[in-house]
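Hi,

Here is the structure I said I would pass on.

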4 protein chains.
Amino acid sequence: MVTRRTDLALEAGELWREGGGDGPPGVAEREWEEAGFRLRELRILDAQGEKALGKPAGTYLSMDLDPLTHREEGAFPRAAALLAGLLRRLLSIGGDETVLVCGLGNAAITPDRIGPEALRSTLATRHLLHSLPETFAGLRPVCALECGVMGATGLESAELIRAVTEAVRPAAVVAVDALAARRMRRICRTVQLSDTGIVPGSGVGNARAELSRATLGVPVIAVGVPTVVDAGTLAADLLTEAGLREPPEELLSRTGAGLFVTPRSIDSLVRDAGKLIGYGLDLALHEGLTVEDVQMLL
Amino acid sequence: MVTRRTDLALEAGELWREGGGDGPPGVAEREWEEAGFRLRELRILDAQGEKALGKPAGTYLSMDLDPLTHREEGAFPRAAALLAGLLRRLLSIGGDETVLVCGLGNAAITPDRIGPEALRSTLATRHLLHSLPETFAGLRPVCALECGVMGATGLESAELIRAVTEAVRPAAVVAVDALAARRMRRICRTVQLSDTGIVPGSGVGNARAELSRATLGVPVIAVGVPTVVDAGTLAADLLTEAGLREPPEELLSRTGAGLFVTPRSIDSLVRDAGKLIGYGLDLALHEGLTVEDVQMLL
Amino acid sequence: MVTRRTDLALEAGELWREGGGDGPPGVAEREWEEAGFRLRELRILDAQGEKALGKPAGTYLSMDLDPLTHREEGAFPRAAALLAGLLRRLLSIGGDETVLVCGLGNAAITPDRIGPEALRSTLATRHLLHSLPETFAGLRPVCALECGVMGATGLESAELIRAVTEAVRPAAVVAVDALAARRMRRICRTVQLSDTGIVPGSGVGNARAELSRATLGVPVIAVGVPTVVDAGTLAADLLTEAGLREPPEELLSRTGAGLFVTPRSIDSLVRDAGKLIGYGLDLALHEGLTVEDVQMLL
Amino acid sequence: MVTRRTDLALEAGELWREGGGDGPPGVAEREWEEAGFRLRELRILDAQGEKALGKPAGTYLSMDLDPLTHREEGAFPRAAALLAGLLRRLLSIGGDETVLVCGLGNAAITPDRIGPEALRSTLATRHLLHSLPETFAGLRPVCALECGVMGATGLESAELIRAVTEAVRPAAVVAVDALAARRMRRICRTVQLSDTGIVPGSGVGNARAELSRATLGVPVIAVGVPTVVDAGTLAADLLTEAGLREPPEELLSRTGAGLFVTPRSIDSLVRDAGKLIGYGLDLALHEGLTVEDVQMLL
């Protein structure tokens with residue numbers, strides 16, 4: 001069978017259902033609406049669920065961005081507040097414990113720039129709390145790390161994050177990254193959060209090393225937005241839709257190798273999605289901040 | 001019939017031949033090798049040729065970059081010198097006449113950044129010749145204009161170029177832009193030069209306005225490198241190769257609309273191609289400069 | 001007598017008074033407070049005033065930024081609204097006439113980056129009104145031009161602005177630039193607006209060409225923030241304060257030539273001042289916009 | 001007595017001599033010329049020398065850049081090779097041991113950007129040797145770390161460097177930084193190298209934390225270029241030259257606090273000096289590379 005690549009748990013669930021029959025075993029799903037946004041929770045409960053969806057056990061939350069995409073009045077502050085609420089559900093730590101936010105991805109490749117863009121709107125506060133503890137008393141210590149590109153540093157992102165985690169000893173790490181979706185209609189239209197960290201094979205780039213409680217020793221929350229579709233996945237779906245029951249493997253691998261598909265407007269889509277994640281993080285991490293406060297502090 | 005989009009004249013020729021029969025009418029082609037690089041000349045001679053290839057009459061030169069891609073010893077200076085030679089063939093102007101080099105494309109979108117990258121290696125000399133005419137006596141006056149993004153300026157690139165052309169009154173304009181290829185294997189593997197300027201519908205972005213002798217009043221040399229394949233073109237070729245004689249139009253337009261396909265390593269590919277074009281321009285425009293001279297002057 | 005350089009009309013007035021006696025002839029001054037900010041108006045009425053202050057006849061408005069510097073609650077929106085009011089006083093044009101905003105200065109030199117920073121918060125709207133006239137009906141057509149650096153383009157800023165002015169035919173040009181103050185305490189603490197345009201010798205860089213109604217054919221409003229003190233001016237004041245009646249010219253010119261003095265925190269000062277100017281321009285140019293609207297549109 | 005601030009050991013020696021009498025005790029100096037460049041070695045031998053010059057014991061090498069400043073033919077490759085030779089004298093490690101190069105300083109402040117500029121020309125090779133050990137067999141593993149700005153990350157540079165040093169375990173650290181000179185004529189005209197690391201109070205920014213064998217556990221080579229003169233130092237020298245025997249402390253501290261003096265052309269000066277350091281490092285760290293090799297690899 002031809003594999004479709006997706007980093008979205010909800011699409012992995014859809015793929016399972018396309019095989020026919022019921023929902024995947026070992027998986028609990030629910031869906032609801034809040035403030036005009038559609039939210040979903042998918043929990044992979046056990047080894048059966050892991051096998052069915054090809055993802056590690058844990059909680060996957062996602063939020064559709066339609067009201068934002070349609071530029072509804074007041075959609076941005078509502079979206080940021082909802083995202084902050086979802087993040088807080090996954091981050092169960094005290095209000096003054098340090099958090100390390102890592103922006104993964106190569107800023108020189110537009111659809112891989114979700115992490116760096118999110119950092120542009122993320123408040124780094126740890127040094128302020130060291131130097132002016134009274135002025136900034138209400139804030140949580142946050143470090144923000146842009147991981148850069150291996151070609152520029154000679155260091156893998158995972159090495160750098162591990163080194164800084166050991167030095168800073170945060171209570172949790174949040175890793176922001178670009179994802180691959182199966183369907184073009186999901187590009188920059190959904191945000192996924194999970195408490196499983198980041199596992200090899202995710203992301204727009206070819207190889208991400210694992211970032212998880214197992215490798216870092218602290219909880220790792222992954223926040224991602226799909227920005228590309230793998231060209232091989234697009235091709236396989238296209239041939240299936242055109243009626244070919246068995247798309248030729250050779251043709252697919254020749255078409256898809258090392259290629260991705262992305263929309264022409266990817267620059268503004270990535271900028272908007274990164275801004276939302278940054279604001280969502282700020283509201284989640286610092287008790288009592290508003291969108292206006294963040295705008296003034298940035 | 002399903003259309004394949006390509007900005008490369010040589011691919012337009014291939015498409016014609018796929019229709020069966022001889023080479024396109026009203027078109028003269030030749031191919032040769034120099035210093036290890038394969039070069040091609042395609043001339044569209046008349047209205048028949050224009051119709052067959054869907055491009056305006058004129059000369060299209062192209063150069064394959066294989067020796068550079070394989071990182072052969074000394075390939076870069078040889079490639080830059082060859083490119084300079086091709087440019088000089090199209091630019092028939094005196095050695096001290098002003099040239100305006102325009103870098104088209106949105107620098108925030110990786111595959112659209114060929115123009116801005118080329119400008120990073122293009123020597124702007126006009127102000128030096130004004131202020132220190134004796135020191136820089138051997139150089140030609142060159143202006144280098146990054147056209148930026150309409151969203152940031154409120155101005156179309158073509159408006160800006162026309163305004164500067166009227167002010168500077170160059171003997172020729174060189175417009176550097178990213179192109180769409182039909183075949184992935186051509187991405188960043190070929191450079192195309194033509195004396196026809198740039199016509200609507202070219203480029204990675206959705207719409208380029210015409211830049212030509214008709215609109216600017218001076219000869220316009222276009223220099224381009226393919227950096228994307230249109231997703232609809234990829235899909236149509238894929239379905240044909242898989243044996244479907246009539247790929248369903250609806251499926252194709254749904255798949256391809258506003259999407260492009262590009263390789264994961266597009267950032268370094270674009271950087272390398274832009275550098276080559278910049279050096280090629282410098283060697284073509286200034287008599288007697290070497291690659292080492294350019295490196296020191298940049 | 002040793003010259004002190006200043007681009008601020010109010011400091012030119014102070015310098016005159018240091019010479020002893022009354023206020024400068026041919027000059028009308030007044031000062032008031034609004035919303036916690038100190039505002040000043042200085043009008044140079046005639047040739048006597050021009051000679052006394054060494055600046056062309058016209059209206060110079062300035063606004064002290066103290067409440068912003070002290071990070072008073074709500075200071076930013078108040079400052080932006082006040083600045084917008086001052087701009088509207090100088091810009092007497094209809095609500096749908098085009099305005100060209102030019103950001104002068106070299107973005108690679110921190111204190112010269114006021115213009116480029118202001119453009120980051122300036123809404124360019126002209127292309128939107130062309131493509132979607134109904135959606136953006138309330139907005140004024142605005143073009144935003146970053147003039148770049150002669151070394152990168154071979155074009156002088158003034159040439160580029162003149163070319164675009166001829167092409168776009170705006171009803172007015174607004175030129176944003178960094179200024180030199182006489183006193184360090186004014187660095188990034190005041191904004192100056194004038195209806196005289198920009199005259200040679202202003203700015204952080206060595207040479208600005210004249211941008212005025214005389215050279216562009218339309219009214220030119222200059223908006224500036226002092227970001228440096230000329231080293232020779234600092235030296236002359238220092239020697240005078242230390243009690244030397246006649247600071248030796250040779251020593252001064254040796255100390256000051258081509259040097260400027262600026263604070264270590266100039267990067268964040270310039271960022272903040274540029275943002276204020278951008279927002280002030282947006283509120284002045286588009287009827288009915290609020291700071292929140294601008295934040296969402298940027 | 002009024003203090004003059006300088007990060008250059010050779011200027012500290014000059015200051016001592018201005019006090020009258022012989023050269024400083026506990027200090028050995030020599031000076032010579034090579035390939036047209038003037039080189040100096042100053043060794044602080046003991047506690048007496050440390051006290052006299054206010055710097056830790058160790059070797060300080062410096063190289064004047066005059067032939068480069070005057071754009072002599074072939075000056076750049078000669079300067080890079082000489083700098084590489086000086087670096088190798090201080091770095092006594094095996095050819096395949098890992099080196100960590102750190103670029104200190106805030107890239108948003110032009111004269112503080114020496115470190116980030118040097119990194120743009122420094123080859124990061126460690127990841128290449130991991131992934132393609134045979135292709136890159138001749139190179140040394142090098143990591144290149146841009147330390148960024150505390151305000152953007154919440155991390156001090158020294159914390160980040162210590163964390164990466166512990167993770168990567170290099171045989172030596174090279175720290176590139178901007179320096180303060182006493183004399184304007186030394187701005188970007190000299191490079192200083194030392195085996196003492198970086199000590200608090202150096203640099204253009206207000207506070208650098210110590211980076212030395214004591215804090216990092218491995219040898220730390222500091223490479224620096226003076227890019228500013230402290231305004232208080234300039235003022236004190238100016239008043240002394242004007243004949244004031246006792247410049248008033250209050251006036252000086254009021255003039256100088258938090259200010260620096262720098263030339264108007266600082267952007268191109270810093271770019272050129274950073275490039276030289278990057279190339280010098282590449283030639284020093286990788287046996288057998290030439291300037292042309294580096295140009296192709298970057």
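**What I found**

Let me start with how chain A is held together: of its contacts with a separation of 6 or more, 73% are between residues 24 or more positions apart. Do keep in mind that this is a predicted model.

On the overall build, chain A has 13 helices and 9 strands. Its C-alpha trace spans about 65 × 45 × 40 Å along the principal axes. The radius of gyration is 19 Å, which agrees with the value near 19 Å that a compact globule of 298 residues would have. As for burial, 59% of the 298 residues of chain A count as buried.

Then the surface. Chain A exposes about 11,700 Å², and carbon and sulfur atoms supply 50% of that. There are 31 positive and 40 negative side chains in chain A, with the centres of the two sets 2 Å apart.

**B:Arg182**

You'll find B:Arg182 in the loop of chain B that runs between strand S6 (172-181) and strand S7 (190-194). Is B:Arg182 buried or exposed? It counts as buried, because its relative accessibility is 4% and the cut-off for buried is under 20%. What does its side chain make a polar contact with? The partner is the side chain of B:Asp237, at 2.8 Å. Leaving out residues up to four places away in sequence, B:Arg182 touches B:Arg4, B:Arg5, B:Thr6, B:Glu11, B:Leu15, B:Glu18, B:Val229, B:Thr233 and B:Asp237.

**D:Arg78**

Over in chain D, D:Arg78 sits in helix H4, residues 75-90. With 27% relative accessibility, D:Arg78 counts as partly exposed, since that class lies between the 20% and 50% cut-offs. Its side chain reaches the backbone oxygen of D:Gly74 at 3.4 Å. Not counting residues up to four places away in sequence, D:Arg78 touches D:Ala35, D:Gly36, D:Phe37, D:Glu72 and D:Glu73.

Over to you!

Note on methods:
Residues numbered from 1 in each chain as written. Chains lettered and ligands numbered in written order. Predicted model: local features only at pLDDT ≥ 70, side-chain atom pairs only at ≥ 80, totals over all residues. Heavy atoms only, no water. Helix = DSSP H or I, 4+ residues; strand = E, 2+ residues; numbered from the N terminus. Rg over C-alpha atoms; globule rule 2.2 N^0.38 Å. Buried < 20%, exposed > 50% of the residue type's maximum accessible area, 1.4 Å probe, protein only. Contact = heavy atoms within 4.5 Å. Areas by Shrake-Rupley, 256 points an atom, 1.4 Å probe, with all protein chains shown as cover. Lys, Arg positive; Asp, Glu negative; His and termini not counted. Charge placed at Lys NZ, Arg CZ, Asp CG, Glu CD. Polar contact = N/O pair within 3.5 Å; in protein donor to acceptor, adjacent residues only side chain to side chain.
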